[in-house]
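Dear colleague,

I am passing on the structure below, and I would be glad if you could look through it alongside the notes that follow.

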Amino acid sequence: TESAPALDDKALTLRETLLNACRSDGLDPDLLPLLEDIATSCRVVSHLVQSGAFTGSLGAAGSTNVQGEAQQQLDVLANDVFVRHCSSSDRVAALVSEEVEEVYWLKDNPGPGDYIVYFDPLDGSSNLAINMCVGSIFSVVRLDREIDASDDRSVLLPGSSQICAGYSVYGPSTSFVLTTGNGVTGFTHQPGTGEFRVTHPDMKIGDTASEFAVNASRYAMWDAPLRRYFDECLAGQSGPRGQRYNMRWVASMVSEVHRILTRGGVFIYPCDEGNREQGGKLRLMYEANPMSFIIEQAGGRASTGLERILDVVPTSHHQRVAVFLGSKSEVDVLEQYHREAQQG
Ligand code: P6P
């Protein structure tokens, strides 16, 4: 009989990594059940995405979400998966989902030590129909005081109060990337065992970049500072940036961020004439904040163009924000150009 393929059992599992973080980094052990629930949610969503063509769930749901965007069936299914699994920990006080207008309150009197989980259950779902990468994004805050569960404004905490954040990319393989405030660790789903095993320990972003990610079809709607930066990138070696850039645009923020964590770069989604009324395209609480925490933990920067994203004081749990994130030198220049324009 053929011997079973040797499992690569050297790579630490997610559970082993989290237990080590409890011992060495003072990670709160009560966070582990919740992080396992989030990882389970990502495994289930990965399975739903992989099998979507056979279950007829790749199409539109025929509804629109609070963002006014057409919901895909898998947006709704993925949301239900996260709600089901993240509700099982009795330390979770509330869930904030991109797909649902109201806050899900799970406790009547949330207080110190309870968690709030913010998530985009399926980011980039318009890619599903064309079999391109999609993902899930999550952010966790631990309460240090009692909050009022009858007022949705109670979940409006700045990104700087996150204790952990991460995402999963459903691509050729399923990645799970996590920070608990001591650097960024990348895991890959191991077919067969179902384990998330460490494949990218200590992910870091270099200060310089040779790739930018922006939806350049919106150029005519951009403000001057972004056009200035973009034109300089296109000018290449002979231009003020003195180097050639390559461009990528996957229409899935998790994919862009994962590429930047893997080989550097900058991701840009500005406020422009087309989205200024809504405050931009990307959402602060469950897209920009978690991704900014991860990017900073990997040595990069994340700015609105005028301020650090993690310092933005939220006014609504679905509010949007301009996003410039990635390699420090690129974000520094973008911020400099925006500040110069602001000073006139
Ligand atoms: P555009 C996906 O809908 C998303 O929220 C991000 O994941 C992605 O970066 C962006 O919007 C894509 O925007 O302009 O290409 O549709």
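Which strands does H6 lie across, and at about what angle does H6 run to E17? This is a predicted model, in which local features need pLDDT of at least 70 and side-chain atom pairs count only at pLDDT 80 or more, while totals for chains, interfaces and linings use all residues. Residues are numbered from 1 along each chain as its sequence is written, and side-chain values use heavy atoms, with hydrogens and water left out.

H6 lies across E15 and E17, and runs at about 25° to E17 (axes are lines fitted to C-alpha atoms, for helices over the stretch in contact, with angles from 0 to 180 degrees between N-to-C directions; contact means heavy atoms within 4.5 Å; helices, H or I of at least four residues, and strands, E of at least two, are DSSP runs numbered from the N terminus).

E15 and E17 run antiparallel and are joined by three bridges, and Arg301 has Gly326 in E17 as its bridge partner.

The axes of H6 and H5 come within 11 Å and cross at roughly 10°, which makes H5 roughly parallel to H6 (a term for angles under 35 degrees). On the H5 side the contact involves Met253, Val254, Val257, Ile260 and Leu261, and on the H6 side Glu287, Ala288, Met291, Ile294 and Ile295.

Tyr167 touches, among others, Val254, Val257, Leu261, Met291 and Ile294, not counting residues up to four places away in sequence.

Best regards

Notes. Angles under 35 degrees count as roughly parallel, over 145 as roughly antiparallel, 65 to 115 as roughly perpendicular and the rest as oblique. Two strands pair if DSSP finds at least two bridges between them.
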